[in-house]
There are 2 protein chains.
Amino acid sequence: MKASQFFISTLKEAPADAEVVSHKLMTRAGLIKKLGAGIYNYMPMGLRVIRKVEAIVREEMNRAGAVELTMPVVQPAELWQETGRFEKMGPELLRIQDRHGRDFVVQPTSEEVITDIARQELRSYKQLPKNFYQIQTKFRDERRPRFGLMRGREFTMKDAYSFDRDPSAAKASYQVMAQAYRRIFDRFGLTYRAVAADSGAIGGDLSEEFQVIAATGEDAIVYCPQSDYAANMEKAEALAPAGPRGTAVQALTKTATPGKSTCADVAELLGVPLSTTVKSLVLATDETNEAGEIVKTQVWLLLLRGDHDMNEIKVAKVPGLEGFRFATLGEIDEHFGCKPGYLGPIGLKKPLKIVADREVALMADWICGANEPDFHTTGVNWGRDLPEPDAVADLRNVVAGDRSPDGQGELAIERGIEVGHVFYLGTKYSRAMNATFLDENGKPQPLEMGCYGIGITRLPAAAIEQNHDERGIIWPDAIAPFTVVVCPVGMDRSDAVKATAESLYTDLLAAGVDVILDDRGERPGAMFADWELIGVPHRVTIGDKSLKDGMVEYQHRRDAAATKVAVADILAHVKGRMAV
Amino acid sequence: MKASQFFISTLKEAPADAEVVSHKLMTRAGLIKKLGAGIYNYMPMGLRVIRKVEAIVREEMNRAGAVELTMPVVQPAELWQETGRFEKMGPELLRIQDRHGRDFVVQPTSEEVITDIARQELRSYKQLPKNFYQIQTKFRDERRPRFGLMRGREFTMKDAYSFDRDPSAAKASYQVMAQAYRRIFDRFGLTYRAVAADSGAIGGDLSEEFQVIAATGEDAIVYCPQSDYAANMEKAEALAPAGPRGTAVQALTKTATPGKSTCADVAELLGVPLSTTVKSLVLATDETNEAGEIVKTQVWLLLLRGDHDMNEIKVAKVPGLEGFRFATLGEIDEHFGCKPGYLGPIGLKKPLKIVADREVALMADWICGANEPDFHTTGVNWGRDLPEPDAVADLRNVVAGDRSPDGQGELAIERGIEVGHVFYLGTKYSRAMNATFLDENGKPQPLEMGCYGIGITRLPAAAIEQNHDERGIIWPDAIAPFTVVVCPVGMDRSDAVKATAESLYTDLLAAGVDVILDDRGERPGAMFADWELIGVPHRVTIGDKSLKDGMVEYQHRRDAAATKVAVADILAHVKGRMAV
């Protein structure tokens, strides 16, 4: 490609609404152009990146035996009503009506449509396993779209759906996809981590997120540097402390803590570590009858160490706490006779169920609220001052330094951007939509499903969050808009520069390298600034002066300075620096 | 590709709602699957065809210097309000609201968005010419979607938009596109015709449709077998007859024609050729004031030969008839004192403007209504019986046998399916949206535009309408889902068959041929029926019997019978039969 025949449009300033570096750089480098909130034009330079991402994904999906099809962007509501998602999903599902007033959705994913296809097409066990995928435009009507392509409303996703005869075959299909994802992310040339994720009601460990590591990532991901353990924060297990419960030493004491309603404030006032305090979280669960009316409410007290955060996913897995909600102030007053900030498990007005975090269950001499405004109780001990808890469970987010659940070392935490997800679905959709196949005995069985997504348009944004400097983007070779840029300096003044540039350009093209020749005639400063902003990884500069000595200059986008290379060697040099 | 790793799903019966052969065959061959009215899943076999169409279009668009980008499917209404299309377009424009109640459209085309991009990005004459294109999902909420992909609601279109500094540069860009389209349609391997189309208010001849010739086509297209003249029916000019007006012979006579209100009935009753009759069409034009109130109405009488059809596009170009409507029964009664069916230009109650078709203006001794129910007048002659018409114009559709406008022979008419359109837009959108660039003198000038569409998903349907037989589709090589199918008979029973099939499959792949090996183990009859329905152009059958003599069978989809070819020669034979 010659730059004069392409479209390059860079900006000095980032748009005012750009909060993250990828949004800023993608806009400044002319990769995207905002059309509306969360809606972007993919400009020529950006589209090249997206097409490279798509090509890698497509190749590896095909290699893994998945078959590509395309499902419509605009989908009839009927199928979404069959699974109940038309009603259940929030306003992020863009619901529309056609000229006849019929309901449609703009697809955010395609479980319903693919299950509809499968129930018509996959009739026999002989047709299984089958995996269908599409690379298609999706829409999610985010309340507050932001961060450019990171959280847009219209985006492109690769979504794949596997169909199998039984759970063990489905799990094998899942593993094939998980392997394909590793190959895909390896090929992107990004630092990433596959982390175990929560699989909700389905159970098992068959849910993994693919997280591109970046300090600016929205997700906290947990890993063990000493092993291959990795999970997202929702999923990562906090083991019970190694030792037995500590021994009670202190006496139970009511202590004035005026105005100190947080554990941190109390610990500071009392001059003790925050880890000796226990916070009280009050939840409630409602039992309803068939008419949906609440017939019984159970209130729960959860106890966590003051320096720990509650993990809602884990809490919802405690037997009885499925579907919990936070208690109302009325319910709190009814059970504690006190406002939040000074609550504790001793001296309750009305009984409730107490669940202690594993950590809290083994603490001795701890501090909690006294159920009286401006007072806390110190020296609290299980058994002596209050009964053992009704239940002990992992209720909290892990923190750095926690023991790894695989026993191999200590957990570390880093930030990531989720760009892929593999998920074992079981029969959730096939049962709702009656998607069955006939087994060897001619008996209908529900199809076992998995679903597998990659955020095609999010990936470039994540790549930039991970790979940039103050001058701009630094693309990995595999997804760079161009792999090499040839920059002739003074092409219009020097026939030698022009001839060398065009000859190198032709040679690189012939060698199958995705090269752009910058024949725009820009001054060197502006030209280099453009390509550093755009982030093309390999640059060859051709100038009259070096050329007199038979030399040109090579500089990788990460190199601090250019290297002189003989004209005769430059093609080999460039290829030598390219990623395999 | 091996069939066992792909997805093949054929049907014996076409769906009940399929009216045209392409819809029937695409469904039966498993290329598409209906999701809703006018909304289709592109199944794996169909998607391969679409991808090949896209690839050819993309290659030739790039070769012609156009630059690819992607504009969103969901577009904010604001831009559409700037050009007035948000209000002006009918319900085929799918208008939607997001969660905040803001208006959006699902794009049917992208003139507004590309003009918005251009007015921001194309600031200087130095950046021109520029041509941007996308291959993107479109939506048109057809009142009655039908004919499968031929008139779907959701479809894929390649739309390109050129930007130039002045009309002559824009026309050069137009010609570049028109040439690219010829290359594209040549490569598809279809019989097509580029026909001049009406360019509306813009004027000039810069609008051409690319029509795939098919007996089932919706459009009548006009061409001259003796020259390269071709136009669509709306555009094709009907020349004035060669000779002078005939001489009046008959006397003006009022003739009873009870109940005969059509020219055909009158001609039959009187035993004269239909071409001696003249039909009266009554139109009206309204003059409005600034408030949009009608302040004056002019009624017009158009006279056409009884065997000719009115061409509304041509009529609207007669000075004064822009924006015409058909007259009301009240207006007709006011001017003729008679109901339609017996109207004529003689003995009017109230004067009106008479426009004669070129043909009628030169007729003598013609027949028209007598402005009295159940009576016609014969022997009518201009000058003698009524004044010369107020205007003479080309008002009619051409018919086969008319003289070609280029004077090179006689016109013929055939049917076509419009799959492409190139159009010079001028400054319609750039003026409405204030899209200007700075010329050499630093003065803002409106961008001159052209737009260029290809119906990506319609093209396969048109190809099938043109290329099929009673057994199924017959794809041209370039857009076949697979170019070659290797059909081993009894692969499971014969190691020789299996080995030969796999070796030929590998050789074809290595030769860059898009081949599928049918390893499903179907019986020969079912296997051949599948591939004939799907329409793969080249088939190699490998059976134990022939193989004993070192032979396999080759059959092109259009061949009446198979040809025996030595195993050693089959690769060369297949390649020899493939389109270049």
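## Interface between chains A and B

Two residues are taken to be in contact when heavy atoms lie within 4.5 Å. The model is predicted. On that criterion, 55 residues of chain B are in contact with 55 residues of chain A. The two chains bury about 4,600 Å² between them, and carbon and sulfur atoms carry 58% of that area. On the side of chain B, the residues that lose the most area to chain A are B:Phe7, B:Leu35 and B:Arg99, which together make up 14% of what that side buries.

The rule finds six salt bridges between chain B and chain A. A:Asp98 forms a salt bridge with B:Arg153, where the closest N and O atoms are 2.9 Å apart.

Several secondary-structure elements of chain B each supply at least two residues to the side that touches chain A, among them helix H2 (44-63), helix H5 (111-121) and strand S7 (130-139). Strands S1 (32-36), S2 (39-42), S3 (67-68), S4 (74-76) and S5 (94-97) of chain B likewise each supply at least two. By residue class, the side of chain B that touches chain A divides into 26 nonpolar, 14 polar and 15 charged residues.

Chain A is divided into domain 1 (47-74 + 107-237 + 413-464), domain 2 (253-393) and domain 3 (482-577). Taken over C-alpha atoms, the centres of domain 2 and domain 3 of chain A are separated by 66 Å.

A:Glu13 lies in the segment before helix H1 (21-28) of chain A. Is A:Glu13 buried or exposed? A:Glu13 counts as exposed because its relative accessibility is 62%, and the cut-off for exposed is over 50%. The C-alpha atoms of A:Glu13 and A:Lys24 are 8.4 Å apart, with the two residues eleven places from each other along the chain.

## Cis peptide bonds

Most peptide bonds are trans. In chain A, a cis peptide bond joins A:Leu128 and A:Pro129, with omega about 0 degrees. A:Pro129 is placed in the loop between helix H5 (111-121) and strand S7 (130-139) of chain A.

In chain B, the peptide bond from B:Leu128 to B:Pro129 is cis, with omega near -5 degrees. B:Pro129 lies in the loop between H5 and S7 of chain B.

## Positive phi angles in chain B

Most residues other than glycine have a negative phi. B:Asp365, which is not a glycine, has a positive phi of about 55 degrees. B:Asp365 is in the loop between helix H10 (358-361) and strand S18 (366-372) of chain B, and counts as buried at 13% relative accessibility.

B:Asn434 also is not a glycine and has a positive phi of about 55 degrees. The loop that holds B:Asn434 runs between helix H11 (428-432) and strand S22 (436-438) of chain B. At 58% relative accessibility, B:Asn434 counts as exposed.

## Surroundings of B:Asp402

B:Asp402 is in the loop between strand S20 (391-393) and strand S21 (412-426) of chain B. With a relative accessible area of 14%, B:Asp402 is buried. A polar atom of the B:Asp402 side chain lies 2.8 Å from the backbone nitrogen of B:Val399. Leaving aside neighbours within four places in sequence, B:Asp402 is in contact with B:Arg396, B:Gly409, B:Glu410 and B:Leu411.

Terms used
Residues are numbered from 1 along each chain as its sequence is written. Chains are lettered from A and ligands numbered from 1 in the order in which they are written. This is a predicted model: local features need pLDDT of at least 70, side-chain atom pairs count only at pLDDT 80 or more; totals for chains, interfaces and linings use all residues. Side-chain values use heavy atoms; hydrogens and water are left out. Buried area is the accessible area (1.4 Å probe) that two parts lose on being put together, summed over both. A salt bridge is a side-chain nitrogen of Lys or Arg within 4 Å of a carboxyl oxygen of Asp or Glu. Helices (H or I, at least four residues) and strands (E, at least two) are DSSP runs, numbered from the N terminus. Ala, Val, Leu, Ile, Met, Phe, Trp, Tyr, Cys and Pro count as nonpolar, Asp, Glu, Lys and Arg as charged, and the others, Gly among them, as polar. Buried means under 20% relative accessible area, exposed over 50%, partly exposed in between (1.4 Å probe, protein chains only). A polar contact is a pair of N or O atoms within 3.5 Å; within protein, one must be able to donate a hydrogen and the other to accept it, and residues adjacent in sequence count only if both atoms are side-chain atoms. Domain bounds come from an automatic or database domain assignment.
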